[in-house]
Amino acid sequence: MQHDEVIWEVIRHNHCSFMAKIETGNFCRNPYNVTGICNRSSCPLANSRYATIRDHDGVFYLYMKTIERAHMPNKLWERVKLPRNYEKALQIMDKHLEYWPKLLVHKIKQRLTKMTQYRIRMRKLELKVREKIMTVPRMATKREARRELKAEKAALLGKSIEKEVLERLKKGVYGEIYNFPFDKYTEVLEKEGMQAVEEELEEEEEEEPQVEYVEGYDELEEEVEEDIEDFGGFSSLRANDEGVMDDEDDIPSKAGRRERGSASTLGERDQGRKSKKSRVVVEVEHEYTDERQQALLR
């Protein structure tokens, strides 16, 4: 059923789909080949007892093939996972390939060494920061540039049409129209409202603060007048040399009120400080003309 010599004769002299002939020699593209060279000892098809190492996403596996499983293609290869430690991987290989041909075991160990070395180099290259060269397709860039120009022209045209339609609506060219899009209407209103708010804010910022002048003694005058009313009896009375009151004190002037008010307030402060002392009455004399006196006597 399985004859290695017959298989090798057919592969070598007739046809093999994995063979690659070049000037330097013949090579094998089979992924299970240990050395990559097309010869009798390295061919995975012409050897019933064969072993190799394969890499699956950075993990190394030891593949082994025996003659006992030749009738089961789905279970032809036995796979063993190898650890990352190089020495432990060699110990596992020695354990599983203890009674195998020494030349094949030596080739498998060489393959493991080579794969470990290129895995170390890959890690070092990944840690380095290098420039990545990327090709730029000329036709694609030209196509994108043409599309950008077309899109820009369409956008400008749409904006100009929108402005023209809005101006016509404001002028009343279309009359009463009720079927235009409501979202566009709200958008325009929001824009106008935002513009008005911005203009108001700019005007407020530009305007200088106005200066105002306010009277600050109105309240004080009212307080003085109240004090004068409270103590009017003491300040309005004026006795002459004979002890008789004159009718002129019944109509005091504004200057007299202020002087009496100030005198009364001074009298209150002195009374608070010196309560036991007698009160001081201030007499204010007014000089009137003959016409004023006659008017008062009437």
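This is a predicted model: local features need pLDDT of at least 70, side-chain atom pairs count only at pLDDT 80 or more; totals for chains, interfaces and linings use all residues.
Reader: Okay, which residue is the bridge partner of M64 in β5?

Author: That's E78. Further along, Y61 stands opposite K81 in β5.

Reader: And how many bridges join β3 to β4?

Author: Seven bridges, and β3 and β4 run antiparallel too. In that pairing, D55 stands opposite F60 in β4.

Reader: What do β3 and β4 form, and how many residues are between them?

Author: They form a hairpin with two residues between them. D57 is in the turn, and its phi is positive, about 55 degrees.

Reader: What holds strands together in general?

Author: Strands of a sheet pair through backbone hydrogen bonds, either parallel or antiparallel.

Reader: So what's the strand order in the sheet here?

Author: The order is β3-β4-β5, an open sheet of three strands with antiparallel pairing. The edge strands are β3 (50–56) and β5 (77–81), since each pairs on one side only. On average, neighbouring strands of this sheet are turned by 25 degrees against each other, direction ignored.

Reader: Is β4 mostly covered or mostly open?

Author: Mostly covered: six of the seven residues in β4 are buried.

Reader: Which helices lie across these strands?

Author: Helix α2 (residues 86–96) lies across β3, β4 and β5, and runs at about 10 degrees to β4. Helix α3 (residues 102–127) lies across β3 and β4, running at about 10 degrees to β3.

Reader: Switching topic, which residues make the nonpolar surface patch?

Author: L157, I161, V165, L169, V173 and Y174 make that patch, which covers about 520 Å².

Reader: Where does L157 lie?

Author: In helix α4, which spans residues 138–171.

Reader: And why does L157 count as exposed?

Author: Because the relative accessibility of L157 is 52%, and exposed means over 50%.

Notes: Residues are numbered from 1 along each chain as its sequence is written. Side-chain values use heavy atoms; hydrogens and water are left out. Patches are made of residues with over 30% relative accessible area and no salt bridge: like charges are joined within 9 Å, nonpolar side chains (Val, Leu, Ile, Met, Phe, Trp, Tyr) within 5 Å. Accessible areas come from the Shrake-Rupley method with a 1.4 Å probe; for residues, only the protein chains shown count as cover. A salt bridge is a side-chain nitrogen of Lys or Arg within 4 Å of a carboxyl oxygen of Asp or Glu. Helices (H or I, at least four residues) and strands (E, at least two) are DSSP runs, numbered from the N terminus. Buried means under 20% relative accessible area, exposed over 50%, partly exposed in between (1.4 Å probe, protein chains only). Two strands pair if DSSP finds at least two bridges between them. Axes are lines fitted to C-alpha atoms, for helices over the stretch in contact, and angles run from 0 to 180 degrees between N-to-C directions. Contact means heavy atoms within 4.5 Å.
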